[in-house]
Amino acid sequence: MRYRKLGDTGLTVSEIGFGTIPILQGSVPVLPDYYDLNEEEALAVMEYAFRLGCNLYDTAIIPEYGDAEYKLGLFAERVGRERLVISDKARFFDGNGMYQAVEMSCEHLGTCPDIYFVHQVDADHEEEVFQKGGALDVLTELKAEGRIRFAGIASHYYDILLRGAEDSRVDVLQGSGNLLERGMLDRLRREHKFGFKGFLVNKVYAAGILPAFFPVRTLIRSVLSYPVSSALIGIGTTEQAKAAMGWDPVKEQGGLPSFEEVLSALEKDYEPIPCDRCQRCVCPYGTEIHTLFRQYQYYFLGKEYWALRKLDLGIEKSVQYCRECEKMPCMDQCPRRIRIPDEIRKVRRLVREHPTGWRG
């Protein structure tokens, strides 16, 4: 295991961090149905990763991640709290909600986390988070009180992460990226404002679907080729921990697949949309083009029902907006020159051919 600086925090973290979703139990939306670890099983997996050199463990408040937060607290007590960097988060955007969330997290962990993120920040909640008295202000106050050490913003949106990079209250950022969805990481590499913040990358396996097409080591090496601090990998078994952490990146030889080579590999199974989720395609009607394309890809990569339910949310309106739009600014903004209206109609055909039986 190698280690990197976490921005200007003074912390050093393992290049590969432990994502705790797979160790949880309980009735929560993110529970993977192929895991169901009890307390001792979860502790054994975390300890195995620790012996491989992992010192960064990422979790979330109990309503989001079930009992993972509680199990991580037990693990920290077992191996020694000072030997770990604990990253925690909650999806509360106002100050009151975030304050209570941190209080609960400290109670469940039995200790205070090193980093606390405002989780899943999007355009609908952005101003609430960043405004005076919002969640970010509260994290700053808690940092001053010594309840947490560093404040963070976690988002799937480049513009929000950039705003966090420009905000002196933010110490660490967390965003998504992988071998296929590399557009945001490409933009991050070219923007110097990110250089002072720690950056954790999630969705390295694209919700667990890319290892069917590419070796795990290739997926991890691809994100670590960017100026990030750590790649967060969801770990549910010792075998997964060994695959992600039990190898030496220095000894790995060979280049990484280009975006075109990634598309070629996927073309063996379906006709991919050549979108890397750079998020430059801003629709004047509000359609999240890159999100539609992502769910289309995920449908063919093994997340059929989950992807269709999300695609079904407003796809007919999106097609209508494309018909009404005269200037098509999204196509001018797209560096890959994707014929976006054609692809959106292709997404609608998929939804019509494979209905979920559910309409939002």
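**Close-ups of a predicted model**

**View 1. Strand β3 and its partners.** Two bridges tie β3 to strand β4 (residues 56-58), and the two run parallel. Strands here are DSSP runs of E, at least two residues long, numbered from the N terminus, while helices are runs of H or I of at least four residues; two strands pair if DSSP finds at least two bridges between them. Across from Phe 18 sits Tyr 57 of β4. β3 also pairs with strand β10 (residues 230-234), again parallel, over four bridges, with Gly 17 opposite Leu 232.

This is a predicted model, so local features need pLDDT of at least 70 and side-chain atom pairs count only at pLDDT 80 or more, whereas totals for chains, interfaces and linings use all residues. Residues are numbered from 1 along each chain as its sequence is written, and side-chain values use heavy atoms, with hydrogens and water left out.

**View 2. Both faces of β3 (residues 16-19) are covered.** Ile 16 and Phe 18 on one side are buried, as are Gly 17 and Gly 19 on the other. (Buried is under 20% relative accessible area, exposed over 50%, partly exposed in between; 1.4 Å probe, protein chains only.)

View 3. Contact means heavy atoms within 4.5 Å.

**View 4. Phe 214 in its loop.** Phe 214 lies between β9 (198-202) and α9 (216-224), and at 8% relative accessibility it counts as buried. Setting aside neighbours within four places in sequence, Phe 214 contacts Leu 179, Leu 219, Val 262 and Ala 265.
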